[in-house]
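Good morning. I will walk through one structure, part by part, and I will stop at the end of each part.

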Amino acid sequence: MTDTAVRMEKLTVRYGRLAAVAGVSLEVPKGCVYALLGRNGSGKSSTVRCLIGQQKPTAGMAELYGLDAWANRRRAMVRVGVVPEDPDVPPETTAERVERFMARVTPRWDRVGFFSRLEGFGVPRSQRFDRLSKGQQRQLALALALASSPDLLILDDPTLGLDAVARRELYEELVGDLADRETTVFLTTHDLAGVEGIADRVGVLKDGSLLVDEPVLALRARFCRVMWTTEDGISSERVESGLKHLGVVATGTMGQASEAVVSDFSEMNFDRFRQEASVDVHRVDSLSLEEIFVALCGNYRGGR
């Protein structure tokens, strides 16, 4: 039995000439919480559709527990719970009615857990789905996914449009389930601050390509912000040459100081930068996951 819950090998999705996903390869081991990050249009949703067997890749493959998600969708999805970006519960149905249906077709259905989560979320059992708030709709979708007792939970931007309270409740429920059952999680999200506390590993998509795929702690260890001023007579070329040792991702200014987000920070590389560039270093700051993401995918302007 494979120890890998999710595997993608050169996954490619094209719409005409546009490559929405361009040769993405990654693996998610059992028990891991993997967050796939990217701006709108970066290829996240196309990746998820391939992963759950809703879309055939143009090239490459996506596997769930060693099974091709497209060719063996029925078998592959038995162990998977999904919270889609737009919950697909019929608008006129209620939580009670959809629960009765799911209980008939789901082998490992947890009825007690389902209604316990609804009560904790404050989601009414007998109210039509289209009359629930957006937050309640997403909480119901999460309760449905978890009630199937999945080994793997796939969430496509689960907190999109939720207020701060609803986001916190969703993550608390997710963290509790992870602690109880060691569920593997693959999620896409815009909520970088929320996911930073639970993700073990992250991938960053930009224009369909995977820029980063590594543990969160390793990512934060090598990315940082360096701020300095340049001594009189030191050329910009000399500073740029020194910065090459640190792997510059983005540059900016903060008052009279210059700064750069770097991706290859170490004490040895930092010492080489200071000696070669001959600069007066003011600060070296660690970065949050959100700050790293903005440096990689956004318009970095510098400053806190």
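Which residues of helix α3 (residues 95–105) are buried? They are Ala95, Val98 and Glu99. Before going further, note that this is a predicted model.

Now look down the axis of α3. Among what covers them are α4 (111–121) and α5 (134–147).

Is Glu96 buried or exposed, or something in between? Its relative accessible area is 28%. Buried means under 20% and exposed means over 50%, so Glu96 counts as partly exposed. Setting aside its neighbours within four places in sequence, Glu96 touches Phe115, Arg125 and Ser126. Take Arg125 from that list: along the chain, Glu96 and Arg125 are 29 residues apart, yet their C-alpha atoms are separated by 5.4 Å.

Next, the largest pocket. It holds about 950 Å³ of space. The lining has 34 residues, and those nearest the centre are Met77, Val82, Pro84, Asp88 and Met102. Which elements give two or more residues to this lining? They are α1, α2 (73–76), β6 (80–83), α3 and α5. The helix we started with, α3, gives the most, with five residues.

Gly53 is in the loop between α1 (44–51) and β4 (59–64). Its relative accessibility is 8%, so Gly53 counts as buried. Leaving out residues up to four places away in sequence, Gly53 is in contact with Ala69, Trp70 and Arg73. For a distance, take Ala20: Gly53 and Ala20 are 33 residues apart in sequence, and from C-alpha to C-alpha they are 17 Å apart.

Now the sheet. In general, strands of a sheet pair through backbone hydrogen bonds, either parallel or antiparallel. Here, four strands make an open sheet in the order β12-β13-β11-β14, with antiparallel pairing. The edges are β12 (248–254) and β14 (279–286); each has a single partner strand, so one side of each has no neighbour in the sheet. On average, neighbouring strands of this sheet are turned by 25° against each other, ignoring direction.

How many bridges join β11 (residues 224–230) to β14? There are seven, and the two strands run antiparallel. To point at one pair, Thr229 has Asp280 in β14 as its bridge partner.

Two helices pack on this sheet. Helix α9 (residues 236–243) touches β11, β12, β13 (257–262) and β14, and its direction makes about 155° with that of β11. Helix α10 (residues 267–277) touches β11 and β14, and its direction makes about 155° with that of β14.

Let me finish with α10. Its buried residues are Asn269, Phe270, Phe273 and Ala277. After α10 comes Ser278, with a positive phi, near 55°.

That is the last part.

Note on methods:
Residues are numbered from 1 along each chain as its sequence is written. This is a predicted model: local features need pLDDT of at least 70, side-chain atom pairs count only at pLDDT 80 or more; totals for chains, interfaces and linings use all residues. Side-chain values use heavy atoms; hydrogens and water are left out. Two strands pair if DSSP finds at least two bridges between them. Axes are lines fitted to C-alpha atoms, for helices over the stretch in contact, and angles run from 0 to 180 degrees between N-to-C directions. Contact means heavy atoms within 4.5 Å. Buried means under 20% relative accessible area, exposed over 50%, partly exposed in between (1.4 Å probe, protein chains only). On a 1 Å grid over the protein atoms alone, a cavity is a set of points where a 1.4 Å probe fits but cannot get out, and a pocket is an open set with protein on both sides within 12 Å along at least five of seven lines; lining residues have an atom within 4 Å of a point. Grid points are joined across faces, edges and corners, and a volume is the space filled by probe spheres set on the points.
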